[in-house]
Amino acid sequence: MTRKTPRIEETSEKDLEVGKGPKHWAAGVPGVYHSMVPAVEQMGLNRTRKTVMKMNQKDGFDCPSCAWPDPHHRKAFEFCENGAKAVTWEATPVVIPTSFWAENSVSELRNRSDYWLGMQGRLTEPVYKAAGEDHYKPIGWDEAIRIITGKLKGLDSPDEAAFYTSGRTSNEAAFLYQLLVRGYGTNNLPDCSNMCHESSGWAMGQTIGIGKATVNFDDYADADLIIIMGQNPGTNHPRMLTELENCKHNGGEIVAVNPLPESGLHRYKNPQKVKGIIGRGTSIADQFLHIRIGGDMALLQAVSKRVLDAEAKNPGTVLDQAFLAEHCEGLEELKEHLALLDEQAVLDATGLRTEEIDELAARYLKAEKVIITWAMGITQQKKGVATIKEIINLLLLRGNMGKPGAGASPIRGHSNVQGDRTMGIWEQMPQSFMEALGEEFGFEPPREHGVDAVETINKMQEGEIKVFMAMGGNFVGAISDTNAAEAAVAGTEMSIQVSTKLNRSHVVTGAEALILPTMGRSEIDIQESGEQFVSVEDTVCAVHPSWGSVEPVSHHLLSEPAILSRLGKALVGDKIRADWDGYEKNYDLIRDHISRVVGGCEDYNERIRQEGGFILANGPRDSRTFPTPTGKAVLTVNELEHVERPAGTLILQTMRSHDQFNTTIYGHNDRYRGIKKGRHVVFVNPDDISELGLSDGLYVDIHGEYQDGVERVLRKFRVVSYPTAPGCAAAYYPEANVLVPLNHTAEGSNTPVSKAVIVRLEPSLDQTPDSPARLHAAPGVTTPA
């Protein structure tokens, strides 16, 4: 079943090709081609059939890519291009041979790109790098557990360790992980939410009492109006395009608010329909607001003011007075605040015309059922929390909460990041959860809040965190201020990664380092009690089972629950009332605990086995009840702040290409933006290129403009003339993370502000397109200024 590791050459930016700007449609036949051809080439026809055709099916496994929900009546091809790429990447039969570790030192691997590392194949055996050595060496599972346990038990305090979680971790593994960590004695549970939708959780928790979407799957097609903000569904969650198409077919309207034109929001060619194959497809956005980075909060306040002005002109006809009176508080304060809103300040912040804002307000006033949906273009702003509070304000004014076709819809980008949080992966879980956990397992969980992702790096720098463990993900690749983060991790005493494939976090290590290989979600999991399944929660609170469909690539692999059960037995043992051996043998035992600890998960084993699983209760959505201190939804007052752009600078945002998922690089093409065979580009508005005295195609060094005594530079990136919002630029993540200062974070949520990076572009000394690319943050420098 396994294949030899292919020879993968590093890509050189000298072959970079730049097209004529953004494509004007998404998906279609090319989407199918780019899904299936790589899958068949890399996995073979039979393995492709057993994986891609089982993904998102009721008797199959959950897509390892985004958290977009599944329709009730699923089709055989209910997958998207990026989902197919994700499962091809995970389920590849290519494995890393034992000889690899002797042939490649960690220092040599550190000079490789994430793309090259990932393409070496699946990890199949535990490996260990001892302090002072430069090679990983294969070891047995018992030895790996012994080394980890010895190190953790030898720390002066459990708080000297941090335990990171990626959004790919299942509910069962996440619950076991947080139990192990709290049984050990700390709440240091940073996760990928800290870097993406933490702002959503904070804003929604403070206004409506729950940090999750208040819509269900069917609401998207039923909406009169969907406002999409800071989001690119064509690349990041393509299956959403089908529901946007259904909304249009049902007479709904769609507005896109984004600093970049996105192909999927222009036109969608549904490959499951004839007109998507041979026709023009469906036009998606009825209005595109080409907003300046950081202007979303001003836009929302301006629309809310227009709604309040319309009510003042025609009292009792615009606002949902009954809803506001019964379910909300803070209306009068909001009215007083918005009455003072400066229209010119709004236009300066947004870069829009008054007529454009009037048009959006008119659409909102006309619609009876409105969904506002957003992603990291909103959450990763300095005012991300306040901006999302303004989204809630606008929705509440006309009662767009708790009724079909309406509500707030943060779109999670990772497959189970929401479920992980539900299961207790948070450094600040509420006391009610901690009390239930302690009662269930007969111990006193730690009550002091732990550290989030940014705080973890800060504590590493200070020497207070000495051991770092990660369940999946690529922490040093994902976090901001890459060079500072890598130096911090390199200063720890031990790093531990539970992974399926290699990435940057395996080659930037503590003094000691271990890699524990685990099974992928697509693989059949057989334990002592029989075949097992796991469960996940999607972005609309639907919890469903996930069954593997292909044989594991190696019999040496352990599942995540098995790894955690063995580590829990060795590290925590009988300090708590836990059946560690039993959890590995039968995941039903884990789910029994979940049913008694996690609110809304009662009778978990029975309900998860229902067709399609079950949907978690959601007060704002289900009954217009709001679990806030007063029991009412809160309309909030938020002070507007303009993102200043000094002369000679631009406001830069980081973003994914179409050929990647998070930090995983599938290839070097971004066909929707016209980029091929490279990633070292910076997208700039043509007027800004002229104003700055640059030219399209010029190589520039990108300098971060922050007065903190640190120089942050990305060397030799090609300027690409592109219709970004004036004054704004964009570059690919994770390469551009080097420009984002570690403590440049959103107010309240501490999320890295990757969507408002002030930069200066200077022509590079070297203008020859022949230097090899290192496709991570390696081109950046971080030195004392």
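Predicted model: local features only at pLDDT ≥ 70, side-chain atom pairs only at ≥ 80, totals over all residues.
Trainee: Is the crossing in which α15 passes α19 left-handed or right-handed?
Mentor: Residues are numbered from 1 along each chain as its sequence is written, and side-chain values use heavy atoms, leaving out hydrogens and water. A crossing counts as left-handed if the near helix is turned anticlockwise from the far one by less than a right angle, and as right-handed if clockwise. By that rule, the way α15 passes α19 is right-handed.

Trainee: At roughly what angle do the axes of α15 and α19 cross?
Mentor: Helices (H or I, at least four residues) and strands (E, at least two) are DSSP runs, numbered from the N terminus. Axes are lines fitted to C-alpha atoms, for helices over the stretch in contact, and angles run from 0 to 180 degrees between N-to-C directions. For α15 (residues 296–313) and α19 (residues 354–366), the axes come within 9 Å and cross at roughly 60°.

Trainee: And which word describes how α15 and α19 lie to each other?
Mentor: Under 35 degrees counts as roughly parallel, over 145 as roughly antiparallel, 65 to 115 as roughly perpendicular and the rest as oblique. α15 and α19 are therefore oblique.

Trainee: Which residues of α19 make the contact with α15?
Mentor: Contact here means heavy atoms within 4.5 Å. The α15 side supplies L299, A302, V303, R306, V307 and A310. Facing them from α19 are T354, I357, D358, L360, A361, Y364 and L365.

Trainee: How many nonpolar residues are in the contact of α15 with α19?
Mentor: Ala, Val, Leu, Ile, Met, Phe, Trp, Tyr, Cys and Pro count as nonpolar, Asp, Glu, Lys and Arg as charged, and the others, Gly among them, as polar. This contact has 1 polar and 2 charged residues, and its nonpolar residues number 10.

Trainee: Is the crossing of α24 and α26 left-handed or right-handed?
Mentor: The axes of α24 (residues 453–461) and α26 come within 8 Å and cross at roughly 55°. That makes α24 oblique to α26. The crossing of α24 and α26 is left-handed.

Trainee: Which residues of α29 does α23 meet?
Mentor: The axes of α23 (residues 431–441) and α29 (residues 588–597) come within 9 Å and cross at roughly 135°, in a right-handed crossing. From α23, the residues are F433, A436, L437, E440 and F441. Their partners in α29 are H593, R596 and V597.

Trainee: How far apart are the closest N and O atoms of K151 and E493?
Mentor: A salt bridge is a side-chain nitrogen of Lys or Arg within 4 Å of a carboxyl oxygen of Asp or Glu, and the whole structure has 46 of them. In the bridge of K151 with E493, the closest N and O atoms are separated by 2.7 Å.

Trainee: How many residues apart in sequence are the parts that this pair ties together?
Mentor: K151 lies in α7 (residues 141–153), and E493 in the loop between α26 (482–490) and β15 (494–499). The pair therefore ties together parts whose separation in sequence is 342 residues.

Trainee: Which residue is joined to Y733 by a cis peptide bond?
Mentor: Omega of this bond is about 10°.
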